[in-house]
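Dear colleague,

Please find the structure below, together with its sequence. My notes on it follow.

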Amino acid sequence: MTSLIVKNGRVLDPASGLDEVATILIGDGVIKRISGSRESLREQIIDATGLLVCPGFIDLHTHLREPGREDKETIATGTRAAAAGGFTSVCAIPNTNPVIDSQTGLRFIISRAETDACVNVVPLASVTRGQCGEEIVEFGDLVYYGAKGFTDDGHPVMNTEIMRRALEYSAMFDVPILDHCEDLLLSDGGIMREGFVSTKLGLKGIPPLAESMQVARDADLAEYTGGHVHIMHISTAQSIEHIRRAKARGVRITCEATPHHLTLTDEALYNFSTAAKVNPPLGTANDRDALVSALADGTINCIATDHAPHTDIEKDQPICDAPFGMIGLETAFPLLYTRLVLTGHISLQSLVDKLTRGPAGVIHLEPRGTLTEGAPADIVLINLDKEFTVGAEPFFSKSANSPLIGEKLCGRIETTIVGGKVVMHNRVFA
Ligand SMILES: [Zn+2]
């Protein structure tokens, strides 16, 4: 049996409290021993001296675009981008074409992942048929065939009665509803956050209420039904307040924030950059600071990328016509490490926690997300001292719609191991 040893790295696992130089012995795809002696004669050895060794990151929010928009991304290219960013598991958002709302769709994702993916692909299904917001899907059937959660992401569930029923059904199967909160009557074709910058640029704004009012509504619905609602990509200070209050009264509510909402503001659109056009839109410095505080105090459960690849042709349009979204898998860790950890806003432990144990807890992926003995050997090795320029090397993603191109960031993902198999080593894929 071939095994693998990762030796002499700084092993950091917030879930088990481990933070020391240690050696990890891997066999049969799982962690056999940490700091153990060498047992196998045919092991492959990776010297991690000077590197950080963490549980592989988990992304709850990845748009892999397959089936339907393989010109933007595929399961093959999207999972390579994930591995290059240190992610060993990604949740496939089902707003594909066709929408993943049936057993057939789930089977396609699962079988395509088996042949094409280099990291674990966690299938999600839509809340409503075709994401039309009118009729809920067969929850029990889809959970049986592998759906770990339900989301109409890309669109909100506008109909309150349907959201109520969805939360009731999801509670029966103990899976979360992943919730894109946006009151479409309030966002009403807006391009960016409503405020000083949108006024100056003359672009139609989206008021922060468009998000926070649905957060409040769905917190109340989760409380009433006992369902678990997970608020995706929160972006406003008011949304955080609603979540904080709901958590204090015991509501089953969790939330994620994206690397871009945690580090950028609406000022990134001053040059009409379509790369910074995202939904929900980038907020003010006040929103960003509130998000960072909520990450530090635990109100935010996890970081999720909302990796949303688009072609150059689409993003090169005038800002009003370009689609919302930016890629994020390959820059998530270095961006947050450089802008939040090196500046003293959050600890390295906290950042790793929000990329590992945090997301694993939301969709019940444990024992993924930790480096304990017997857990799947999903591991990432990072050179924290290595500085690089975003875009200097091509992205592994099929798309390059990132506003960070040209930025210097610290913290390079060097090696990614999935199920005991080295999928990327020294930035080269196996
Ligand atoms: Zn969304």
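In which sense do strand β6 and β7 pair, and over how many bridges? Strand β6 (residues 57–62) pairs with β7 in the parallel sense, over four bridges; two strands count as paired if DSSP finds at least two bridges between them. Helices (H or I, at least four residues) and strands (E, at least two) are DSSP runs, numbered from the N terminus.

Please note that this is a predicted model, in which local features need pLDDT of at least 70 and side-chain atom pairs count only at pLDDT 80 or more, while totals for chains, interfaces and linings use all residues. Residues are numbered from 1 along each chain as its sequence is written, and side-chain values use heavy atoms, with hydrogens and water left out.

Buried means under 20% relative accessible area, exposed over 50% and partly exposed in between (1.4 Å probe, protein chains only).

The zinc ion has D153 (OD), H180 (ND1) and H233 (NE2) as its protein donors, at 1.9 to 2.3 Å. Donors are N, O and S atoms within 2.8 Å of the metal (3.2 Å for Na, K and Ca); water is not among the atoms, so sites may look incomplete. The spacing of the donor residues in sequence is D-x26-H-x52-H. H180 lies in the loop between β10 (177–179) and α5 (184–187), and H233 in the loop between β13 (229–231) and α8 (237–248), so that this pair, 53 residues apart, links distant parts of the chain. Both H180 and H233 are buried.

An open sheet of five strands runs in the order β9-β10-β13-β14-β15, with parallel pairing. Its edges are β9 (150–151) and β15 (302–303); each has a single partner strand, so one side of each is left without a neighbour in the sheet. β13 pairs with β14 (residues 253–257) in the parallel sense over three bridges, and the bridge partner of I231 in β14 is C255.

Helix α4 (residues 160–173) packs on the sheet and touches β10 and β13, contact meaning heavy atoms within 4.5 Å. The direction of α4 makes about 140° with that of β10. Axes are lines fitted to C-alpha atoms, for helices over the stretch in contact, and angles run from 0 to 180 degrees between N-to-C directions.

With kind regards
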